[in-house]
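Hello,

Here is the structure I promised to pass on. Have a look at it first, and my notes follow below.

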Amino acid sequence: MIADVYTALVDRLEAARDVIPVADPGGRIVAWGEAVRGWAVERPAEFRLVYGDPVPGYRPPPGGPAAAAELRACTGLVGLAAAVWPHRRGRAADDQVDWADFAPELTGHVRSEFPELPPAGLAFALRMWGRMHGLIALEVYGHLRPQTADPAKLFRAEMDELIDGLGL
């Protein structure tokens, strides 16, 4: 079930991203973020299944379909970061990251798929995901409604700020 849910999510994310031209990397990031938020709001139980507390004792089988979907999601997100990386180079925070800061499996995959991306590029992808996921999780778990009548507007402002910070 987790594999089916995760695969459907990644299909949706890739489709949303791919509607936007490659020449618009900022638009592709926003499309990805909006797609994951839309999916999570429409399917909160599925969001909780994939991104919530793990099922006690469950470990996905190595190389199974859930792992394949997770790898596709990771590759898609890191690909978005790699596309905007030239706009990030030279930032002070980027000098503080090393490949050893990440899981070896993740490092191996990223270095294979994106050989020009430095470790700081992977850190940027994870921070970008945190900005998306954080607001989505707050919304899905009911923590934004008491503070804002329009979580979608708040999320869009966060995505716009992310893109503006890249100079795009």
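Tyr 6, Trp 39, Phe 47, Tyr 51 and Trp 129 form one aromatic cluster. Please keep in mind that this is a predicted model, where local features need pLDDT of at least 70, side-chain atom pairs count only at pLDDT 80 or more, and totals for chains, interfaces and linings use all residues. Residues are numbered from 1 along each chain as its sequence is written, and side-chain values use heavy atoms, leaving out hydrogens and water.

Rings of Phe, Tyr and Trp (its six-membered ring) pair if their centres lie within 6.5 Å; planes under 30 degrees apart count as stacked, over 60 as edge-to-face and the rest as tilted. By this rule there are 6 aromatic pairs. The ring centres of Phe 47 and Tyr 51 are 5.4 Å apart and their planes stand at 45°, so this pair is tilted. Both residues belong to helix α3 (residues 44-51), 4 residues apart, about one turn of the helix; helices here are DSSP runs (H or I, at least four residues), numbered from the N terminus.

How buried or exposed are the two? Phe 47 has 0% relative accessibility, so Phe 47 counts as buried, while Tyr 51 is partly exposed at 21%. Buried means under 20% relative accessible area, exposed over 50%, and partly exposed in between (1.4 Å probe, protein chains only).

One more ring to look at: the charged end of Arg 48 sits over the ring of Tyr 141, 5.0 Å from its centre. That requires CZ of Arg (or NZ of Lys) within 6 Å of the ring centre and within 35 degrees of the ring normal.

Best wishes

Terms used. Helix = DSSP H or I, 4+ residues; strand = E, 2+ residues; numbered from the N terminus.
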